[in-house]
Each structure stands twice: as structure tokens, then as C-alpha cells.
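Subject: Structure handover

Hello,

Please find the structure below, followed by notes on what was found in it.

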Amino acid sequence: MNYTTTSRGTRWLLALTGVDARGACVQYADAPLGDETARFITVAPDPANRFPRARDNVVGLEQGWLLAKAVRDAIAEDAASGKRRPIVAIVDVKSQAYGYREEMLGIHLACASAVDAYASARLAGHPVVALIVGPAMSGAFLAHGYQANRIVALDAPGTMVHAMGKEAAARVTRRSVEELDELGEKIVPMSYSMASFAKLGLLDELIEGVDADAPSNAHVSRVRDVLAQKVREARGDKSGLAHRLQGESAQRTRAASIEVRKRLAQQWDAS
Amino acid sequence: MSSTNQVGPGALLRESFIELSARERAAAVLDAGTLRELLGPFDRIESPWLPLQGIVCQADDGAVIARGTIDGQPAVVAAIESAFQGGSIGEVSGSKIAAALELALADCERGKIVRPVILFETGGVRLQEANLGLAVIAEIQSAIVALRAHVPVVGVIAGMVGCFGGMSLAAALCSMLVMTKQGRLGMNGPEVIEQEAGIEELDSSDRRQVWQLIGGEQRTQTGFADALVDDAVDDVRTAVRAAFAQGMPHSHRSANVDATLARLAQIDPASVTPESMRAVFAASPTNLHGETA
């Protein structure tokens, strides 16, 4: 592995699979998980990418479409056999790529193609699990991870989920970064912390005591056990993303989401 | 240039779609007199998060869900109100859209086809509800992918806000997208790009450059949207009906992976312009002007 291009995402891809990954800006490999073979996918920094705004671990045009390809190839390969291999999205994405060319050439569609592929995999019966090992930001997380049946995260510095980077969010909402942090304490969905993300019912497990940058073998095997467990859960669960509204925390923090669904269903058919 | 882009002599007399509120837009898309609003303002399901930040709520949270018919067939319209918080998606407004699509899916799975239409007018996630805005957008996207296996999901981007952020991905997942010349479709708004990448990347105050990049005309010319219509109620109505009459596309835009990767490979990032990309991303926008092409 090229040292200058390593990232948490690529390190975890290697740690969990033990084999050389395929691809450059999107890397993936098939490896055992539990008693089956899973496809592990991550977005990697790519200093030589021909799109200059997409050289970091961000989801740019090529990343979006190549994520879709990595997922869809697995769907296609399994279509005839009847088995549905698990797909693990290793999430370490700073943002979508911000650029003139990106907008021109349809970064929104590139990201949507990844959303489509992951959602289609889940609908086709592939257990999809997202493992957050770094930032899971905004549109990049929508494209890579947010369509999963189950979401787990390392409880480590640097893992976070949010709709917008802190500095940008501060500018847009005309608040200081400190004020944003305070607000996150009070208003759960505003927080960047994984603990708050869990309070929203969106996180299935926070894996504690694992070194995100230099995991030991024991750490890796613990994470692998969690992933295998989530794959088993996902196989037996046909509820799709509705699963996120079923937990105890969601009953409290997502009461409005639940109420909207209940009352809309009551009014759906004219009386 | 197709004739749909020209403003005919009678056009100024026609009723503007852009100037309508979300509720009026939903009524305009449905068959006349069939609108029945669900979870309307009197149900008063408001954002639980805005009051905590000193922001006044709106009783429908900026999303209108309406049942009715389109060409006599059962339909549901989700219309986003840009006048409330820029059409931003919060927990309630986003859940209303997701739930409407999920209920349409449940009906379709029982063999009762419901025609879904989404009227996009949104900057994306409502930042005051940040992570929940993002979460409900993922749920909307999931519902669109599941639903379009049964029935085309039709999106309209009329303007003037346009469609940005996570909701631009939702629009890209639709089976069929109708845009006006005034509509804009992009992931990152021009201001965000200028902020993140610098003014030499994009000058967001240059309106002409912005519309050339992400405006309805460019998007239909390059295959990112299907129909370009005038800002007229009649034209939007006709285009939506034509989309359902046409039925399911051969393949969905967001699933054309190999073909799009091949097109991207032909692009030289250093020199590509909105004009030059048309040679690679050529599309013939459907003429849905209500006249024979």
C-alpha cells in the first residue's frame, strides 16, 4: 500500500480483508466475514485523480459512479446464485467534491448512482452494513453508508456524522464554532458526536475501546464480530430503513417522524 | 435549440407556475378539483427543533402532501414550499414526503398503483435540524428507489429556489424530471462552491454562468433532466401527464453506471465547458410543450 495515500478507510479495508484491494479512489475487496464472503468498500484519497477537486477522500464524480459499480457488480454476480453477499461500506468521507466541473458533470447524479446501488442491494436482499471509522459527512455519507440496513461506528476521535462541516455550518448559520458545539449539547440533531447520533436512533452500535488509526488484531477481530452480528440481524429484518424508527431512542428523539407516519397513514385513504 | 425554449407571443398571458405556492402547485398538477390535503396546517405537526432555536414554525413545516388524481388515476403530490426556510428539509417536512412515498409504495405492492409526483424547491437539509434533515433525506431516497420499481416517480424543478443538497440526489433518482428554464439542479449551491473552492472556481454572483452550468436548459440538453417546459401551469401539467403516459423509462438515469463512466472518461477536466460537454452528454429533451414535436 502506498503510504502517502493511506487513510483510515484504506487501513480498515486492509485490516478487515487482509488482501490487496482493487481500485484507486474507490477501493474494494471480497473477504470472509462470519461464515460467508462479504464485499468491503471504501473511498480512498487519490492524489493523482484527474479531477483536482476530488483528490482527497471525498465523493466526486468518479467516486460516486465507481461506488455504484462496486456494489452493482456484486449484485450482478450474486443474482443467479441465490446467495446475497453482505456489503460493508467502510465510511471515511470528508464531503462531496465541491467544484465547477463537478456540478457541470452531475455530481448530484454520481452520488445518486451510489445511493441507488446501495438501496437496490438492500432491496435485493444483500445485508448492507456501514462501518464509520472517520468523518461521515453530508452528501458523501448519503452516497456511501446511509442506505445501510445497519450503521455502526468506532467510538474514536475523528468519527462524526453531520450535514455540513463545522466551519461552513458556522458561517451559514452565523454562529461561532463554539456556539455550534454548545447548541449541539442542547439540540441533539445539531451535534457532531456519535453519541448524539446514537440518541437519534440512527446508530446500531458504538464500538468502544478500538484504536481507529492503529488497531490491534484484537480490535480488528472485535469489529469483525460486530459486523458479522449486524449482517445476521439484517438478514432477518425486512423492515429496511424503518428499522431506524423502531428503537427505544427513536421513540423519544424521533417522535415527530413517527407521528407524521402514523397520522398520514390514517388520512391516506379518503373516509 | 428546440422551440420549447422560445417564449411565444401568448406566453406572457399564461398562468405562471413559479409564482404559485406549494399548495397551489399541487392543485395545478392534480386533476381539477381532486386535491385532498393530508396532514394540512390544521393538523399542526410542526418542527420540534425550530422553537428551541427561537425560530417561528409553520403549521405545515413547508411541505404539502396532497392526494387526488392525474388523468383519472390515483396520485399523490409532495410539494415543497420555498417560502418557508428556503424549502429546507427538516424532520417533519422530510418525514411527510418520505411517508407519502412509503404509503404509495405499500399501495403499489398491493396492486393499487398510485402516481407519485415530487415538486422540488429546496436548498437541501435544514441546518437547524442537521442530522435529522440528512436522515429523512436518506429515507426519501430509499422510498423513491423502491417505488420506481412499480410506477414512474416524476419530479418537477420549476424554480426559483431550484433543487440542491441531498434533495438533488433525490431528484436524480426520479424516473422523469421536468424543469423550467428558470429551474436549477445541482448538489452544491453556487455560493457553497465559491465559499469552499474560491471565487476563481465559480463566481456565484455571475447569474449567467450559474444558469449555463446548472439551469434547466443545460440540464435537459445534457440528459440530467427529461423535459424543458415554459413557466406555465399548462405546460407543467402536460409534462407530468406525458411522463406517466410514457411509462417506465428503459433504465433509470442513476443506474446507467457503465455508460456514464464511459462518458466521463471522454471528458478532459482541464478544458471541459458547459458547451463542449454537450457533445459527450448529448440528449434530446422531450418536447412536452403540449404541441406535436
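Chain A holds 11 helices and 7 strands; helices (H or I, at least four residues) and strands (E, at least two) are DSSP runs, numbered from the N terminus. This is a predicted model, in which local features need pLDDT of at least 70, side-chain atom pairs count only at pLDDT 80 or more, and totals for chains, interfaces and linings use all residues. Residues are numbered from 1 along each chain as its sequence is written, while chains are lettered from A and ligands numbered from 1 in the order in which they are written.

Between the chains, 63 residues of chain A are in contact with 66 residues of chain B (C-beta atoms, placed from the backbone, within 7 Å). Helix 4 of chain A gives the largest share of the chain A side, 11 residues. That side divides into 36 nonpolar, 14 polar and 13 charged residues; Ala, Val, Leu, Ile, Met, Phe, Trp, Tyr, Cys and Pro count as nonpolar, Asp, Glu, Lys and Arg as charged, and the others, Gly among them, as polar.

Helix 4 of chain A has 17 residues and reaches 24 Å from first C-alpha to last, close to the expected 24 Å at 1.5 Å a residue (1.5 Å times one less than the number of residues). Because 16 of its 17 residues are buried, helix 4 of chain A is largely enclosed by the rest of the structure. Gly125(A) follows helix 4 of chain A and has a positive phi, near 100°.

In chain B, an open sheet of 7 strands has the order 1-2-3-4-5-6-7, with mixed pairing; two strands pair if DSSP finds at least two bridges between them. Strand 1 (36–38) and strand 7 (227–229) of chain B are the edge strands, each pairing on one side only. Strand 6 (residues 176–180) of chain B runs parallel to strand 7 of chain B, joined by 3 bridges. Thr180(B) stands opposite Val229(B) in strand 7 of chain B.

Regards

Terms used: Two residues are in contact if their C-beta atoms, placed from the backbone, lie within 7 Å. A residue is buried if 20 or more other C-beta atoms lie within 10 Å of its own, exposed if 12 or fewer, and partly exposed in between; C-beta atoms are placed from the backbone.
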